[in-house]
Amino acid sequence: MITQYNDRLSNGLRLVILPQPHLHSVHVQLALRCGARHDPPGKAGLGHFLEHMMFRGSARYPRMAELMAIFEGAGGSLEAGTWRDHTHYGLSCAPGSLPAILAALGDMWAAPRFAQLPTERAIVAEEIRGEVDEEGDDTDLTNISRACLWRGQALGQRVCGSASSLARLDRAALRAHHRRYYGARNLVVGV
């Protein structure tokens with residue numbers, strides 16, 4: 001029988017540990033209660049853009065390459081995704097690398113730099129273009145069906161937003177969204 005440990009730390013962070021000593025790797029998953037439905041009016045895509053910008057360096061690792069070198073040096077590759085109701089970050093690594101991985105994730109989480117805004121905006125703009133046709137109409141079945149089902153509601157918004165909403169997103173909006181949602185009480189860390 002596998003024993004699972006659940007705890008809530010004094011800062012509100014939920015921690016779930018599922019030991020599996022027979023495996024030769026450890027997986028770290030950060031699940032955040034913040035998705036497209038939490039984007040402020042007129043700023044559709046903010047949560048998704050913030051997820052992208054979290055990779056762009058932190059206080060301790062100011063350049064993206066330095067931050068990613070920590071994860072890749074541990075044999076992992078940090079991946080992330082934003083959905084309508086949540087965002088996740090996760091990677092697998094060698095068990096001995098866990099302390100370094102957790103330290104780097106903590107720094108990334110607590111002190112993102114939001115550097116290279118134009119570069120990341122161009123990357124997200126390309127994602128948006130991949131979901132529309134030449135006239136700008138949505139071609140993604142999930143987006144179309146959710147927009148019909150949740151017409152006029154936050155759950156009907158596109159996760160990536162639109163080209164026009166992306167153009168309005170700046171560092172101030174990123175910082176405010178980060179401050180509001182990227183706290184310990186809104187996070188579950190699974191190992």
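What volume does the second largest pocket have? The second largest pocket has a volume of about 220 Å³, in a model that is predicted, where local features need pLDDT of at least 70, side-chain atom pairs count only at pLDDT 80 or more, and totals for chains, interfaces and linings use all residues. Residues are numbered from 1 along each chain as its sequence is written, and side-chain values use heavy atoms, with hydrogens and water left out.

**Pockets**

A pocket here is an open set of points on a 1 Å grid over the protein atoms alone, where a 1.4 Å probe fits, with protein on both sides within 12 Å along at least five of seven lines, and lining residues have an atom within 4 Å of a point. A volume is the space filled by probe spheres set on the points, which are joined across faces, edges and corners. Nonpolar covers Ala, Val, Leu, Ile, Met, Phe, Trp, Tyr, Cys and Pro, charged covers Asp, Glu, Lys and Arg, and polar covers the others, Gly among them.

Around the second largest pocket there are 14 lining residues, and Leu13, Leu30, Gly106, Leu187 and Val189 are the closest to its centre. Helix 3 makes the greatest contribution to this lining, with five residues, and the lining comprises twelve nonpolar, two polar and no charged residues. Helices (H or I, at least four residues) and strands (E, at least two) are DSSP runs, numbered from the N terminus.

The largest pocket has a volume of about 320 Å³. Its lining consists of 15 residues, with Leu18, Gln20, Val26, His27 and Val191 nearest the centre, and strand 2 (14-17), strand 3 (26-32) and strand 6 (187-190) each give two or more residues to that lining. By class, ten of the residues lining the largest pocket are nonpolar, five are polar and none is charged.

**Aromatic pairs**

Rings of Phe, Tyr and Trp (its six-membered ring) pair if their centres lie within 6.5 Å, with planes under 30 degrees apart counted as stacked, over 60 as edge-to-face and the rest as tilted. By this rule there are four aromatic pairs. Tyr89 and Tyr182 form an edge-to-face pair, because their ring centres are 6.4 Å apart and their planes stand at 70 degrees. Since Tyr89 belongs to strand 5 (residues 87-93) and Tyr182 to the loop between helix 7 (171-181) and strand 6, this pair ties together parts that are 93 residues apart in sequence. Ring pairs join Phe55, Tyr89, Trp109 and Tyr182 into a cluster. Tyr182 is buried (under 20% relative accessible area, where exposed is over 50% and partly exposed in between, with a 1.4 Å probe and protein chains only), at 5% relative accessibility, and Trp109 is buried as well, at 10%.

**Salt bridges**

A salt bridge places a side-chain nitrogen of Lys or Arg within 4 Å of a carboxyl oxygen of Asp or Glu, and a search of the whole structure finds four.

| Pair | Distance |
|---|---|
| Glu120 and Arg56 | 2.6 Å |
| Glu126 and Arg129 | 2.7 Å |
| Arg158 and Glu131 | 2.6 Å |

Glu120 and Arg56 are both buried, whereas Glu126 is partly exposed at 47% relative accessible area and Arg129 is partly exposed at 48%. Arg158 and Glu131 are both buried, and a network of salt bridges links Glu131, Asp138 and Arg158.
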